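Please examine the model shown below.

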Amino acid sequence: MKNTEVGDGAEAIAAVDPEVWELRLYVAGQTPKSVTAFTNLKKICEEHLAGRYRIEVIDLLEHPQLAAGDQIVAIPTLVRKLPEPLRKIVGDLRNTERALVGLNLRPAS
Amino acid sequence: MQEAKRTTRTNGNAAARSLPKAPTGIGGLDEITGGGLPRGRASLVCGSAGCGKTLLAMEFLVRGALQHGEPGVFVAFEESAEELAQNVRSLGFDLDRLVEQKKLLVDHVRVERSEIEETGDYDLDGLFIRLGHAIDTIGAKRVVLDTIEALFSGLQNAAILRAELRRLFRWLKDKGVTAVITAERGEGSLTRQGLEEYVSDCVILLDHRVIDQVSTRRLRIVKYRGTTHGTNEYPFLIDEDGISVLPITSVGLLHTASSERIPSGIAGLDAMLGGEGYYRGSTILVTGTAGSGKSSTAAHFALAACQRGERCLYMAFEESPSQIMRNMRSLGLDLEPCVKKGLLRFHATRPTVYGLETHLARIHKLVREFEPKVLVFDPANSLGFRSTRADASAMLTRLIDFLKMHGITAMLTTMTSSESILESSDADISSLVDTWLLLRDIELSGERNRALYVLKSRGMAHSNQLREFRLTDHGIELSDVYLGAEGVLTGSARLAQEAREKASAVRRQQDIEGKQRELERKREALEARITALRKEFEAEAEEARRVIGEEETREEVTRQDRERMEASRRAGAGRNSGERPARPRKVQEVRR
């Protein structure tokens, strides 16, 4: 399971950040936690980054050698590759507020 | 000590009876654990910062890969692979080479809290997968997690971490790898995060203490399930060959005593020691005040060993090797060829450089490397003799036991203060040593001389005599001392006594000769007198004979006269008148 989805409506927030957000979600098989994480991520992206994000889902069970590159320890882990700097959000993204803070889409309160 | 004895006894068949073990290859550690760490299980190595946890773990992997054909995975939570490689290069470990040969895999797991936001539920499958991948890649049999507690500072949810660590250790066990997990020492507990709860098969505690500004590293096996092990604290070293633990209690009084004798290098001393010298494998103590010749005695012993072709390790704590060699040359002892031939090895350090344990560990290591037959400690004061520390003599006991186990003859010199030769602590030492030589000063008539006697020597008829001990340009010489009314005489007093005795002998000789001459004279006088007397006697006898002759002549004349008268009377019978006048004349003659 390595699929890339590019959202539409990228021009909406282009003024703030013109580039395409590159997000990578690390999972280990189709576990409930992974599925929840993906669903939550998709929802957040559609709400805040519609049209200018790319999600890459990496299943470490299939590509274990990729874990070292992004220093993955916990599963699921969302890595914001772009924009810089690199950010990591660990967990199933159930807490949307914290996820937004983690992605730097909302300043920490 | 009892515990240790038990360990020693079970060493031989421990592998067969108790749980399987993975040898660490670390000098001494396998001895005290009875063969290594529990195979297929996790061991916890804990200790405060800088006590050598990472090195121990890395050596476990490197030795495993090199000596036991077991590849290993090192998961580093604190250092990068490059940093690790650099850090252990000084110990002679070439990580890059091992990585190239697929014998070692280093995975640096970096968990940066500032980069990480946590939202919701997660697990550590990422770590599991990485580890599993690493293990499968090189077929690892050994795994090190150094220091897994770093996860607690990177991730916030301690509840999840604890559950996941428990799962991790079970998973490692299922994988069948022998794991070493390191952890920081916590306040009042072995580890900061209480990891000892999860890793319960074997826990090793490392310690780095500074006593009197001297640091000492110690290792203790807190627990080792299912096996006997030494429970004491063992000093250990980290040097250019990695870690070596001094397995001091893994020896006991089980050594076999040799009846072979080895000469002391001093002929006079051998004579004192039943004519043959020391026993092989015995411990000889030489005590004496400053400058009493301890080092020289030791040098004789070392040289004798080298001349027999035996290796000798000379531990010098006061002088440099070249200084010792120079000084001994003045006694006619040339140690340099022995050094060149590799038979004699000096190891010179100041006693204050390390703590006692470190010294012992170093000696232990040297003995194992060099395998000497003879060992000299000069002086051994720094090794715990006369130390105020109670554990020092216990430590020394273990060292001596170790030397005896290996049949090494050890000579220890110690310096005593001049006022008292025997001190209370000597009582402890006495039980350790087999032969005790005492060098003492004798001060008499304004000079100081050396004397030697054998205080004790187990198992041989040794001399009870005091000998004068002289350092000459051809080595040490022992000579008899004079025992007179004034006591023991040495040095010039002895020479004076010798001179006096010679003088009186001469005098006695002269007396005898004089007496003989007088006797001769008397005999001559006597004989002269005898001759004189004989001459007198002869003169008298001559006179007597002359008188007798005259008398006889007169008698003859008288008789002839009478015969003539009678004849005349018979011829003139009528002439009576002629007869009468003759008679009165004869009467007259007789009366006169």
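**From the interface to the sheet of chain B**

The contact draws 30 residues from chain A and 22 residues from chain B, where two residues are in contact if their C-beta atoms, placed from the backbone, lie within 7 Å. This is a predicted model, in which local features need pLDDT of at least 70 and side-chain atom pairs count only at pLDDT 80 or more, while totals for chains, interfaces and linings use all residues. Residues are numbered from 1 along each chain as its sequence is written, and chains are lettered from A and ligands numbered from 1 in the order in which they are written.

On the side of chain B that touches chain A, the elements giving two or more residues are β6 (116–118) and α6 (125–138) of chain B; helices (H or I, at least four residues) and strands (E, at least two) are DSSP runs, numbered from the N terminus. The most comes from α6(B), with seven residues. By class, this side of chain B holds eight nonpolar, five polar and nine charged residues. Here Ala, Val, Leu, Ile, Met, Phe, Trp, Tyr, Cys and Pro count as nonpolar, Asp, Glu, Lys and Arg as charged, and the others, Gly among them, as polar.

Strand pairing also links the two chains: β5 (residues 87–90) of chain A runs parallel to β6(B), joined by three bridges. Two strands pair if DSSP finds at least two bridges between them. Within this pairing, A:Ile89 stands opposite B:Glu117.

Chain B also contains an open sheet of nine strands with mixed pairing, in the order β5-β4-β7-β8-β3-β9-β10-β11-β12. Since β5 (104–108) and β12 (242–245) of chain B stand at the edges, each has a single partner strand, so one side of each is left without a neighbour in the sheet. Neighbouring strands of this sheet are turned by 20 degrees against each other on average, direction ignored. Axes are lines fitted to C-alpha atoms, for helices over the stretch in contact, and angles run from 0 to 180 degrees between N-to-C directions.

Inside the sheet, six bridges join β3 (residues 42–47) of chain B to the parallel strand β8 (residues 178–184) of chain B. B:Ser43 has B:Val180 as its bridge partner in β8(B). Helix α3 (residues 53–67) of chain B lies across several strands, including β3, β4 (72–76) and β7 (142–146) of chain B, and runs at about 165 degrees to β7(B).

In chain A, A:Leu66 lies in the loop between β3 (53–59) and β4 (77–82). A:Leu66 touches A:Ile58 and A:Leu60, not counting residues up to four places away in sequence.
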